[in-house]
Amino acid sequence: MYFCPRNISYNIMIARAIQEKIEHLAALYPIVTLTGPRQSGKSTLLKKAFPDYEYVSLENIDTRRFAEEDPHGFLSTYPRHVIIDEAQRVPSLFSYIQTHVDSYDETGMFLLSGSHNFLLMENISQSLAGRTAVLKLLPLSHEELQNANLLPFSIDEEIFQGSYPRLFDKNIAPTDYYPYYLQTYVERDVRMMKNIGDLSRFLRFLKLCAGRIGQLLNLSSLANECGITVPTASSWLSLLEASFVCYLLRPDWNNFAKRIVKTPKLYFYDTGLACSLLDITSSAQVSTHFLRGGLFENLVINRFVKRAWNEGKEPDLRFWRDSQGNEVDLLQYEAGSPTAYEIKSGSTFNADYFSGLTKWSALSGVSVDSLNVIYGGKDSLTTSKGNLVAW
């Protein structure tokens with residue numbers, strides 16, 4: 001059974017943490033670019049933050065044809081204070097925008113948004129470098145849901161629900177949302193970015209990635225199980241990264257010990273999407289699933305990613321693991337200094353939770369004040385080994 005989040009309402013407007021940063025940068029740059037996964041709320045946010053701006057979408061066939069066939073006429077029609085959605089659909093427009101903004105020399109002229117990060121950034125680097133600030137918007141953060149009083153009642157529900165705004169805005173059950181989201185992504189977005197003949201095999205690859213959440217990436221294993229070559233697996237994984245489906249957490253290569261793991265770990269930007277790929281159909285199923293620990297770990301790390309991106313920063317997040325299996329799930333570097341986090345889904349504290357942190361601390365020389373265990377319990381406390389942090 002699906003349980004709705006508390007105090008749900010229809011057509012709600014959830015305040016987005018990144019809005020202030022967008023408004024600040026629009027006063028400094030002629031162009032601000034907002035990228036992120038499809039349906040993460042980009043166009044809704046831009047319309048809300050800049051209500052006086054005109055809005056045009058290049059998903060619209062007639063508008064796209066106008067921009068392609070008559071870019072000068074398009075920019076004469078929309079010379080400034082315009083939101084251009086799915087801007088990557090007309091790559092040729094970017095060079096004309098460059099000349100246009102240079103001739104006006106004003107700030108806040110264009111707000112560009114797009115859901116294909118690779119295509120968008122490729123065009124920006126070629127034509128708009130130095131003229132645009134680039135921000136990333138993921139689905140709703142834990143804090144944004146909390147501030148709107150929309151947090152699901154339990155960890156398992158939060159994992160299962162995911163955080164795409166439409167789930168909350170339209171009160172859609174995850175089982176009614178994610179299958180169609182995946183269908184749209186595979187049939188439209190993937191075809192646009194890469195010519196993949198066998199989409200059913202690509203979907204199988206996606207499901208296999210979901211089954212490896214929180215695990216060290218083994219491309220050979222992925223390729224063999226999917227029946228594709230390793231180069232194809234690598235290419236498809238890059239596609240998932242570029243479209244904000246998956247990301248890789250890199251290992252910390254600081255030479256604390258020579259025998260350290262140098263293989264990244266695989267995570268999803270949204271746990272609800274991952275649950276759908278794992279054929280999980282209820283929050284109760286999450287609680288007994290063999291990947292619950294990995295899904296909880298993914299949920300926690302996503303909070304760090306979203307917090308950084310909402311502040312306009314690129315997160316410096318890593319993990320550490322040696323050849324003996326000693327591990328720290330997350331290292332957050334700020335100003336060159338690491339803070340360590342072990343992530344445990346259990347709701348009862350166990351002193352062994354600090355074992356990996358203690359070994360890493362002895363090698364790195366980092367004090368216990370920077371050692372933390374985030375767990376599924378309700379009580380936070382300070383111990384002689386580090387900080388116990390309630391989810």
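Which backbone nitrogen does the side chain of Asp-270 reach? In this predicted model, local features are given where pLDDT is at least 70, side-chain atom pairs count only at pLDDT 80 or more, and totals for chains, interfaces and linings use all residues. Residues are numbered from 1 along each chain as its sequence is written, and side-chain values use heavy atoms, with hydrogens and water left out.

The side chain of Asp-270 reaches the backbone nitrogen of Leu-273, at 3.0 Å; a polar contact is a pair of N or O atoms within 3.5 Å, where, within protein, one atom must be able to donate a hydrogen and the other to accept it, and where residues adjacent in sequence count only if both atoms are side-chain atoms. Asp-270 itself is placed in the loop between strand E7 (265–268) and helix H14 (271–277), helices (H or I, at least four residues) and strands (E, at least two) being DSSP runs numbered from the N terminus. Although Asp-270 is buried, it has no salt bridge, and the nearest side chain of opposite charge, that of Lys-306, is 5.2 Å away. Here buried means under 20% relative accessible area, exposed over 50%, and partly exposed in between, with a 1.4 Å probe and protein chains only. A salt bridge requires a side-chain nitrogen of Lys or Arg within 4 Å of a carboxyl oxygen of Asp or Glu, and for charge, Lys and Arg count as positive and Asp and Glu as negative, while His and the chain ends are not counted. When residues up to four places away in sequence are left aside, Asp-270 touches Pro-139, Gly-162, Ser-163, Tyr-164, Tyr-178 and Asn-302, contact meaning heavy atoms within 4.5 Å.

Helix H3 (residues 61–69) has buried residues at Thr-63, Arg-64 and Ala-67. These residues lie on the same side of H3, because they cover an arc of only 100° around the axis, the arc being that of the directions from the helix axis to the C-beta atoms. On the other side of H3, Ile-61, Asp-62 and Glu-69 are exposed. The buried residues of H3 pack against strand E2 (54–57), helix H4 (71–77) and helix H5 (93–104). At the N-terminal end, H3 is capped by Asn-60, of which a side-chain oxygen lies 3.0 Å from the backbone nitrogen of Asp-62.

The search for disulfides in the whole structure finds zero, a disulfide being a pair of cysteine sulfur atoms within 2.5 Å.

Two residues other than glycine have a positive phi near 60°, namely Asn-149 and Phe-244. Asn-149 is found in the loop between helix H7 (142–147) and helix H8 (155–161), and counts as partly exposed at 34% relative accessibility. Phe-244, in the loop between helix H13 (230–242) and strand E6 (246–251), is buried, with a relative accessible area of 3%.

Ala-390 belongs to strand E13 (residues 387–390) and is buried, with a relative accessible area of 19%. Residues up to four places away in sequence not being counted, Ala-390 touches Tyr-375, Gly-377, Lys-378, Asp-379 and Ser-380.
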